[in-house]
Amino acid sequence: MALHSGDPIDPETAERIDRTYRPGKRARWRPADDFPLPADVLRRLATDSDPRMRQLAPRDPDLPVELARRLAADPDHMVRRAIATHPRLPAEDLTRLLADPSESVAATAAANPNLPTTGMYQLVALVGL
């Protein structure tokens, strides 16, 4: 209903919709894709108790470095995977994610264009080139 409403959705409602949304199957879409949250909300969500909500924090392009670092060390692999693409993630944290126990986190970190050359050399050595 919210998608077809002629009225804009306020951030509080958008957050509530995303927080309560539970897809029936593994779906990539989530309400925040259509109802973007403002930076202050995304920064607050970086410390939320729900890992699904912490995954939204990297959508803030100006996410403070200390929050990016915290998310890179998150116990939830999906949160670490979400932050592995962030341009403000410090090089040392990005390089550390290359050795993440979750293969999807490591692969996402390896694809980050901000990966320093030391990380690139580490990848080349792993594949034996």
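## Helix 7 and its packing

The buried residues of helix 7 pack against helix 5 and helix 6, the latter spanning residues 91-97. This comes from a predicted model. Helix 7 covers residues 103-110, and its buried residues are Val105, Ala106, Thr108 and Ala109. Viewed down the axis of helix 7, these buried residues fall within an arc of 165°, so they line one face of the helix.

An α-helix has 3.6 residues a turn, so residues three or four places apart point the same way.

## Helix 4 and its cover

Helix 4 runs over residues 65-72. Which of its residues are buried? They are Leu67, Ala68, Leu71 and Ala72. Down the axis of helix 4, the buried residues fall within an arc of 140°, so they too line one face of their helix.

## The chain as a whole

How many helices and strands does the protein chain have? It has eight helices and zero strands. Read from the N terminus, the elements run α-α-α-α-α-α-α-α.

The chain has 129 residues, and 40% of them count as buried. Take the contacts with a separation of 6 or more: 41% of them join residues 24 or more positions apart. The accessible surface comes to about 7900 Å². Carbon and sulfur atoms account for 56% of that surface.

## Alanine 84, between helices 5 and 6

Alanine 84 sits in the loop between helix 5 and helix 6. Is alanine 84 buried or exposed? Its relative accessibility is 0%, so alanine 84 counts as buried.

Leaving out residues up to four places away in sequence, alanine 84 touches Leu89, Leu94, Leu97, Val105, Thr108, Ala109 and Asn112. Val105, Thr108 and Ala109 are among the buried residues of helix 7. Alanine 110 is 26 residues from alanine 84 along the chain, yet their C-alpha atoms are separated by 8.6 Å.

## Leucine 98, between helices 6 and 7

Leucine 98 lies in the loop between helix 6 and helix 7. Its relative accessibility is 9%, so leucine 98 counts as buried. Leucine 98 and alanine 84 are 14 residues apart along the chain. Their C-alpha atoms are separated by 9.3 Å.

## Aspartate 60, between helices 3 and 4

Where is aspartate 60? It is in the loop between helix 3 and helix 4. Aspartate 60 has 3% relative accessibility, and therefore counts as buried. Buried here means under 20% relative accessible area.

Setting aside neighbours within four places in sequence, aspartate 60 is in contact with Ala39, Leu42, Arg43 and His86.

## The largest pocket

The largest pocket holds about 770 Å³ of space. Its lining consists of 21 residues. Which of them lie nearest the centre of the pocket? They are Ala27, Arg28, Gln55, Met78 and Arg81.

Helix 5, residues 77-83, gives the most to this lining, with four residues. By type, the lining residues divide into nine charged, eight nonpolar and four polar.

Technical notes: Residues numbered from 1 in each chain as written. Predicted model: local features only at pLDDT ≥ 70, side-chain atom pairs only at ≥ 80, totals over all residues. Heavy atoms only, no water. 1 Å grid on protein atoms, 1.4 Å probe; cavity = no way out; pocket = protein on both sides within 12 Å on 5 of 7 lines; lining within 4 Å. Points joined across faces, edges and corners; volume = space filled by probe spheres on them. Helix = DSSP H or I, 4+ residues; strand = E, 2+ residues; numbered from the N terminus. Nonpolar A, V, L, I, M, F, W, Y, C, P; charged D, E, K, R; others polar. Buried < 20%, exposed > 50% of the residue type's maximum accessible area, 1.4 Å probe, protein only. Arc of directions from axis to C-beta. Contact = heavy atoms within 4.5 Å. Areas by Shrake-Rupley, 256 points an atom, 1.4 Å probe, with all protein chains shown as cover.
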